[in-house]
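Here is a structure to work through by question and answer.

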Amino acid sequence: MSTTPLPGFTPWPAEFAARYRASGYWTGQTFGALLQQRADEHPQREAIVCGQRRWTYAELNRRANQLAAGFTRIGLRAQDRVVVQLPNIAEFFAVCFALFRIGALPVFALPAHRRTEIGHFCAFAEARAYIIADTDQGFDYRELARQVLAAGSQPLQVIVAGDAAEFTALDSLYDTPCEIAGPAAGDVAFLQLSGGSTGLSKLIPRTHDDYLYSVRASAEICGLDAATVYLCALPVAHNFPLSSPGSLGVLYAGGKVVLAPQPNPAVSFPLVTAERVTVTSLVPPLAMIWLDAAAARQHDLSSLRMLQVGGAKFAAEAASRVQAELGCRLQQVFGMAEGLVNYTRDDDNEEIVTTTQGRPISPDDEVRVLDDEDQPVAPGELGHLLTRGPYTIRGYYLAPEHNARAFTADGFYRTGDLVRQLPSGHLIVDGRAKDQINRGGEKVAAEEIENYLLAHPAVHDAAVVAMPDAYLGEKTCAFIILRGEPGNQAIRPAQLNGFLRERGIAQFKIPDRIVFVDRFPKTGVGKVNKRALREHISQQLAEAAQ
Ligand code: AMP
Ligand code: DBH
């Protein structure tokens, strides 16, 4: 059954793999087999609710088998990469499980991604297919597909859920199921995206064994069962709502996934009431909006048992409001698509739940908190978080040079997060060493934006940093040095942002503020002093607020 390993994938060393199997973390089950098992156990239970559509486990399983046959007919094979950019619709699950069945690898793009990001994923992963919806939230993904095709060099099959226009309709691929060998559990199942810090997003290879372990253990920690009704309000392909424990955790536990087309209270609250939702997950800015909207008490949210908040730091003040204002328990979640996920637990006291970002899933998650010289800090002190374990990758996909920096020689992943660890193992995230802006859970790699800005003929140099924001936690500020040529001084921030938009990048990456300067402050070794730039803009904002 097993195929030759995917080129560009860094496996765990054999002794670790053996240990993770012996400990029962890696069970040898694939996602395809899991769905089959659940469909056999309780075929008539509802698995997915999407608008008026309600798919049982049997129906989801049948669709996955039929699409697996259709995908095979059009030439998709094991290890072929397929960029999947779908909104929160039921087809996401039919498509993913069909790809899992044949061993083809979804590359999980977000709905916000545009020509530049999608073009990069397609080219970098040498994707064979690109799967989209026709339109969503007023945006036409078929037009995006045309642009990606026009710019790309390799052949790419475009498959559309909905009105396919000139492309292949997903509906035409529901064939009669056929025998398919399928992948082994040790094989890569998909490529998840990293938030990135250097240039464009890296791709993260996750195996069936390692990911299913994190999903299963997460479902157990979070107490999911057949009675769980999970509202998927964040983008379905994001690692948090997908796996922590997310939709996959709910399907593992035999519960029901309700897809929300939008995470705002106006759309989500009626779904919570109608479906008796018990759990959902949000990023901090959305959690704040939910808290404020819940105060109006126009909707019955009494079914909610737990609200998970993660993706960015949730302020203790907001955390302490959740129980009183939403009437449910808070769980903080600190995770990463690269692996390690931390949860506060049911039996943690109030203080721990409001002030920490949880502790790791697994007894075999190895956590190190190190200083700048890679030496352990004193217990409880702030340091760099490094980790290694049964569901944390040993390398990004096809990125040997980056991997040499992002991982230690003994396989620890340098998360780029600054943390303190309590004696109980709980982590408090307190800053970041990576060159990234965490815009309310949406990650922006500074260098990527700097490169787009540098492409503008009037820009001599650019430095992108985080600035504080009451709502998002952080926003993006771009400091720009213009070229000395006459005329350049008349460039306006809106023109630069217009230039970025024309390059086709996700809206959340467009700088929130542009500041023109004559020079950048430098560090002792002559690098741009981003800390000084962050302090400069924070101070300006504070003064302006007075
Ligand atoms: P990514 O690597 O794109 O999957 O993003 C993961 C990163 O998001 C982590 O390394 C943290 O920087 C950040 N993050 C996720 N959850 C939290 C949280 N609860 N508190 C603070 N930062 C978080
Ligand atoms: O931010 C993240 O990437 C994230 C947050 C919470 C994540 O990947 C996860 C849980 O699994």
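Q: Which residues surround ligand 2, and how do they divide by class?
A: The residues around ligand 2 are His238, Asn239, Phe240, Ser244, Gly311, Val333, Gly335, Met336, Ala337, Val341 and Lys443; a residue is near if one of its heavy atoms lies within 4 Å. Ala, Val, Leu, Ile, Met, Phe, Trp, Tyr, Cys and Pro count as nonpolar, Asp, Glu, Lys and Arg as charged, and the others, Gly among them, as polar. The shell around ligand 2 therefore divides into five nonpolar, five polar and one charged.

The model is predicted: local features need pLDDT of at least 70, side-chain atom pairs count only at pLDDT 80 or more, and totals for chains, interfaces and linings use all residues. Side-chain values use heavy atoms, without hydrogens and water, residues are numbered from 1 along each chain as its sequence is written, and chains are lettered from A and ligands numbered from 1 in the order written.

Q: How much of ligand 2 does the protein bury?
A: Start with polar contacts, here pairs of N or O atoms within 3.5 Å. An oxygen atom of ligand 2 is 2.7 Å from a side-chain N or O atom of serine 244, and an oxygen atom of ligand 2 is 2.9 Å from one in the side chain of lysine 443. Taken alone, ligand 2 exposes 290 Å² (Shrake-Rupley method, 1.4 Å probe), and the protein buries 94% of that.

Q: Which element gives the largest share of the shell around ligand 2?
A: Elements are DSSP runs numbered from the N terminus: helices (H or I) of at least four residues, strands (E) of at least two. Helix H8 (239–243) and E16 each give two or more residues to this shell. The largest share, three residues, comes from E16.

Q: Which strand gives the largest share of the shell around ligand 1?
A: Of the 18 residues around ligand 1, Gly195, Val333, Ala337, Asp417 and Lys443 come nearest. Four residues of this shell, the largest share, come from strand E16 (residues 329–336).

Q: How are H3 and H4 oriented to each other?
A: The axes of helix H3 (residues 57–73) and helix H4 (residues 91–102) come within 8 Å and cross at roughly 60°. Angles under 35 degrees count as roughly parallel, over 145 as roughly antiparallel, 65 to 115 as roughly perpendicular and the rest as oblique. H3 and H4 are therefore oblique.

Technical notes: Axes are lines fitted to C-alpha atoms, for helices over the stretch in contact, and angles run from 0 to 180 degrees between N-to-C directions. A polar contact is a pair of N or O atoms within 3.5 Å; within protein, one must be able to donate a hydrogen and the other to accept it, and residues adjacent in sequence count only if both atoms are side-chain atoms.
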